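Let's take a friendly walk through a protein model together. Have a look at the sequence and the 3D view before reading on.

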Amino acid sequence: MSEAVIRTATTHPGLLASLDPLLREWLPRQRWFAGKGRPVTGFTLVAATELLPADRKLGLYHLLVQAHQPAAPWDCYQLLIGVREALPPHLAPALIGHVEEGPLAGRTVYEALYDPRPAEVLLEALRSRTRIGGLRCERDPDQEIRSGLVPRVMTAEQSNTSVVYGDTFILKLLRRVVPGVNPDLELPLALAREGCPRVPAPTAWMSADLDGESYVLGVLQPFVKGAADGWELALRQLAKGEDFSAEARALGRATAEVHTALAHALPSVTLGAAQLRLLADGMIERLDAAVQAVPALAAYGPGLHSAFSALADLAAEGRTWTAQRIHGDLHLGQCLRSPTGPWSLIDFEGEPSKPLAERRMPQPPARDVAGMLRSFDYAALSADPPAPGWAHACRAAYCSGYAEVSGTDPRTDPVLLRAYETDKAIYEVVYEARHRPDWLPVPMAAIERYATSDLF
């Protein structure tokens, strides 16, 4: 095992003040910035760590900053700030700006992850279990991390940023961070202890200990070289008019394997009448709010409401369900198929917009199943022309695959499954209305069907 390298953090007074005007312009333009549509009015420094001396040719700061916006709670963001005299042409897209005052006056600052050298510094810190001030890197001693792996930033991710090292590892850096146990590290570690092969085991991770609280900042995992993203793979099959049911069946088996391992690794609970009443009430509240936000939903309100009232009725009759830790945001885009065929599930962060405590609560596995069923439907209805029969075949195959491993076919529990699917479709309508109005007809087509008929 490598010995931890412990260094003392040093930062310049006035650092954040000198960066403030540049960050106010740059931060809202980042895809992972959660507060779009509202101006940034200021920052509070949570932590600053100098990873490479700023007075050298190349400096590097790790920052945790709270961004303040009108009429909104602050969010804490993780930033990697590179410092140079001038940027070489290939780093021009990473420019944050030229500092005019303070300790970095006259220097150029930029998004450091796009620069190979700072990215190498992060990997070396993980490999050597470096601790600098409140920053702490840890690793699995049984997994080797070679040095000299060439880094590259992945461009597809939106809510976080990932760096691939030599097609060997992928480092996911969380951008909006909160104190507490993050399921994106917690659940893969638990699955690794269970020997579940459907999730790449964490190789190393980075966290910060600040004021008695711990923040998970990043997780390094093996990179599945040549893997295909489930969403892109499904769209390609749809475009060619090809069947996807064999892949869907394998995905169902993979999901059940993960659920089974999580049930063994972490506590489960029984949801009784009181908890199920709260669950149904929450779904009804989201429906009512969605109708206010998207008036086109109003015509389907009674039919959609019946999905949730049926769940509440069963609970009142004494029906209970088992809840356990699940993925929490499962869809085709969270699945990778390796070139040799097996599927992996990734990104156990849950819905980032939800509070951490809510994301870590045990929930019925039907919620993950519903998420994947919605994803098949979404892909099929976004195709040109739409292919509802393709989705129907995938849904049936996925549930069959799930039953082969778990021993329980999700279709035998239609009330719970219908409630979760309907709740997810309502969320999609609100999301598309706010962010992608051109896509709104896709979930609205599902809403019309859900309000007037059974899902299968």
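We will visit a strand with its partners, and then a pair of helices.

Keep in mind as we go that this is a predicted model.

Now look at the neighbours of β11. Strand β10, made of residues 160-165, pairs with β11 in the antiparallel sense over six bridges. Within this pairing, N160 stands opposite L174. The two strands form a hairpin with three residues between them, where G166 takes a positive phi near 55°. Another partner of β11 is strand β14, residues 213-222, and this pairing is also antiparallel, over five bridges.

Next, turn to the helices. Helix α6 (residues 273-293) packs against helix α7 (residues 301-316) at an angle of about 170°, and their axes lie 8 Å apart. Because angles over 145 degrees count as roughly antiparallel, α6 is roughly antiparallel to α7. Which residues make the contact between α6 and α7? On α6 they include L276, M283 and L287, and on α7 they include L304, F308 and L311. By class, this contact has twelve nonpolar, two polar and one charged residues.

Conventions. Residues are numbered from 1 along each chain as its sequence is written. This is a predicted model: local features need pLDDT of at least 70, side-chain atom pairs count only at pLDDT 80 or more; totals for chains, interfaces and linings use all residues. Side-chain values use heavy atoms; hydrogens and water are left out. Axes are lines fitted to C-alpha atoms, for helices over the stretch in contact, and angles run from 0 to 180 degrees between N-to-C directions. Helices (H or I, at least four residues) and strands (E, at least two) are DSSP runs, numbered from the N terminus. Angles under 35 degrees count as roughly parallel, over 145 as roughly antiparallel, 65 to 115 as roughly perpendicular and the rest as oblique. Contact means heavy atoms within 4.5 Å. Ala, Val, Leu, Ile, Met, Phe, Trp, Tyr, Cys and Pro count as nonpolar, Asp, Glu, Lys and Arg as charged, and the others, Gly among them, as polar. Two strands pair if DSSP finds at least two bridges between them.
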